[in-house]
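Colleague: I would like to learn how to read a model feature by feature. Where do we begin?

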Amino acid sequence: MDHRSAAGGGTAPPPLPTGNGTGTGIGGFVFNAADEERRRGVRRMKATATGLLALVALVYALAKWAQDTGAGPWAGYVAAAAEAGMVGALADWFAVTALFRRPLGLPIPHTAIIPTKKDQLGVSLGEFVGENFLSADVVKARLHALGIGGRLGAWLAEPAHADRVTAELAAALRGALTVLRDSDVQAVVGEAITRRAESAEIAPGMGKTLERVVADGGHHRAVDLLCAKAHDWLVTHGESVMDAVQGGAPGWTPRFVDRKIGDRVYKELLRFVTEMRDMPQHPARGAVDRFLTDFAADLQSDTETRAKVERLKSEILARGEVQDVIASAWTAIRSMILSAAEDEQSELRLRVRSSLISLGARLATDGRLQDKLEGWIEGAVVYVVTTYRTEVTSLITDTVAGWDAEHTSRKIEAHIGRDLQFIRINGTVVGALAGLLIYSVSRAFGA
C-alpha cells in the first residue's frame, strides 16, 4: 500500500510503464504484461482485505449500538470478535505495508524494509548463495547424485543422439574455421613448422633410418631402378655421349682417333651399367652398400657431416618456395576438414559418430569409467565455483545495489504482494476468533 493510503484506502501509486510483451527496463528491471497482470491481482487482493476490514468495522459499530440498546448478551460477543478482528487486520496491514513503504508516510523505525535495506539484502543474498549453493561440498554432492556418467553414456549410446552431437560438432568446427583468418593461421603454422624443423637436428635420425634401410637391403630397389634408368638413357643417347667424349679430346688428335675413343668409352660405360643392372653381386653395388653404410655412420657420429646436413636443411627451409609450400599446407588441410565436416557420409563424421556411440555404450556400463568422468566434471565445476565464487556473489550484490529502491519494492510486491494480502485476511479472521475466545473465557469466569 502507498504511504498516502490508510489501511488499504487512498490514492494508488502511479502505474509503472510497461512494454509491448517484451517489457521496458525500469530501475534495473523489465516490467512486462505479466508483471502488470500481477499488479492488478495485488490490487484486487488489497481491495478484498480492505473490504473485510471495513466489514468487521461495520459489524463492530452495529454490535456496539445493539449492545447499548439492550439487544442482549450476544451483542457483546459479536462486538468483541469484531473489535479483535479490526486489531488483527490493522496490525497485519501495518506489517505487510512496512515491508514495501512507510505506513501513512510516517518515519516509523524498521519500516520500508525492502527499499531501505535493499543493499543489505543483496549482500545477504549473495552470501547465502555462496555458502549454500556455491560451496565445494554442495556442488560435489549434487553432481554425484545426478549420475552424469551413466546418463550421458545412455544418451550417447542412442544413434539419433550421436548423430545430433556429430552434427553439432561439425557445425562448431565449420564455424571455427570460418572465423579464423587464413593468413593468420598460415603464418602461425609456417612459423611453428619452421621453428620445429630448425630446432630439431635431423642428421642422427636420418643416419639411423638409412642404417636400417641398408641393413634390410631396402635400398636395392632404388639401385636397381637407377641402373635400369641409366642403361635406358645410355641406349637412347649414345650419340650424345660419344659427341661429349670427342668434344673433350685435344685439338691436335685426328678426328677418327677421337671417334674411336668416344665409341670405346661409350661401349665400356654401357657394359658397366648393364653388368651392374644385371649382376646383384657386382662390385660397384658393394661399393654403394659400403658408401651408404659409412654415410649412415657419419650422419650419426661425424660432427662435420652433421653440421653440413644442418646447413643444408637451413638453406632449404629459407627458400621462398619451401615456405610457400609450408604455408599452403593449412589451405589444403582446411579445405579437407570443411569438406569432411559438411559431408554426412564422410569418413571423419562416420568415425566421430561411431566413437561417440562406442563411448556412450562404455559409459553406460563401465562403472570405473563413469567414476573417472564424473571425477573430471566434479573437479572442473568445483574449481570454477571455488575460484569464481566471489565474482558470482559480487554479481548478485552489485546487481541488487544497482536497482532503484522504489521500483525494486514494486517489482517484488507485484510477485508476492497477492499472497501477502492473505496475511491481512487471515489476521482479521484469526483476530476475530481470538477476541471471541478471550471474551468468552472472561465472561465464563465472571469478568
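**Reading the surface and the helices**

Modeller: Begin with the nonpolar patch. Helix H1 (33-68) and helix H2 (74-100) each supply at least two of its residues. Keep in mind that this is a predicted model.

Colleague: Which residues make the nonpolar surface patch?

Modeller: Leu55, Val59, Trp74 and Val78 make the patch, of about 340 Å². Tryptophan 74 lies in helix H2. Its relative accessibility is 47%, so tryptophan 74 counts as partly exposed.

Colleague: Now the rings. How many aromatic pairs are there?

Modeller: The count comes to 2 aromatic pairs. Tyrosine 77 and tyrosine 439 form an edge-to-face pair, with 5.0 Å centre to centre and 85° between the planes. This pair links distant parts of the chain. Tyrosine 77 sits in helix H2 and tyrosine 439 in helix H18 (residues 405-444), 362 residues apart. Tyrosine 77 counts as partly exposed, because its relative accessibility is 28%.

Colleague: Why is the pair of phenylalanine 291 and phenylalanine 295 stacked?

Modeller: Planes under 30 degrees apart count as stacked. The planes of phenylalanine 291 and phenylalanine 295 are at 0°, with ring centres 6.1 Å apart, so the pair is stacked. Both residues lie in helix H13 (residues 283-301). They are 4 residues apart, about one turn of the helix. Phenylalanine 291 counts as exposed, because its relative accessibility is 53%. Phenylalanine 295 has 31%, so it counts as partly exposed.

Colleague: Which residues of H14 are buried, and which are exposed?

Modeller: Thr305, Val309, Glu310, Lys313 and Leu317 are buried in H14. They cover an arc of only 135° around the axis, so they lie on the same side of H14. Thr303, Glu304, Glu315 and Ala318 are exposed on the other side of H14.

Colleague: Take arginine 39. What does arginine 39 form a salt bridge with?

Modeller: Its partner is glutamate 36. The closest N and O atoms are 3.4 Å apart. Arginine 39 and glutamate 36 both lie in helix H1, 3 residues apart, about one turn of the helix. To judge burial, the cut-off is under 20% relative accessible area. Arginine 39 has 8% relative accessibility, so it counts as buried. Glutamate 36 is buried too, with a relative accessible area of 14%.

Colleague: Which parts of the chain does the pair of aspartate 224 and arginine 285 link?

Modeller: Aspartate 224 forms a salt bridge with arginine 285, with the closest N and O atoms 2.5 Å apart. The pair links distant parts of the chain: aspartate 224 in helix H10 (residues 220-236) and arginine 285 in helix H13, 61 residues apart. Aspartate 224 is partly exposed, with a relative accessible area of 35%. Arginine 285 counts as buried, because its relative accessibility is 7%.

Colleague: Which residues do salt bridges that share partners join into one network?

Modeller: Start with one of the bridges. Arginine 271 forms a salt bridge with glutamate 275, the closest N and O atoms being 2.9 Å apart. Both residues lie in helix H12 (residues 255-278), 4 residues apart, about one turn of the helix. Arginine 271 has 42% relative accessibility, so it counts as partly exposed. Glutamate 275 also counts as partly exposed, at 27%. Shared partners join Arg264, Glu268, Arg271 and Glu275 into one network.

Colleague: Where is leucine 104, and where is histidine 110?

Modeller: Leucine 104 lies in the loop between H2 and helix H3 (113-116). Histidine 110 is found in the loop between H2 and H3. Leucine 104 counts as partly exposed, because its relative accessibility is 43%. Histidine 110 has 72%, so it counts as exposed.

Notes: Residues are numbered from 1 along each chain as its sequence is written. This is a predicted model: local features need pLDDT of at least 70, side-chain atom pairs count only at pLDDT 80 or more; totals for chains, interfaces and linings use all residues. Side-chain values use heavy atoms; hydrogens and water are left out. Patches are made of residues with over 30% relative accessible area and no salt bridge: like charges are joined within 9 Å, nonpolar side chains (Val, Leu, Ile, Met, Phe, Trp, Tyr) within 5 Å. Accessible areas come from the Shrake-Rupley method with a 1.4 Å probe; for residues, only the protein chains shown count as cover. A salt bridge is a side-chain nitrogen of Lys or Arg within 4 Å of a carboxyl oxygen of Asp or Glu. Buried means under 20% relative accessible area, exposed over 50%, partly exposed in between (1.4 Å probe, protein chains only). Rings of Phe, Tyr and Trp (its six-membered ring) pair if their centres lie within 6.5 Å; planes under 30 degrees apart count as stacked, over 60 as edge-to-face and the rest as tilted. The arc is that of the directions from the helix axis to the C-beta atoms.
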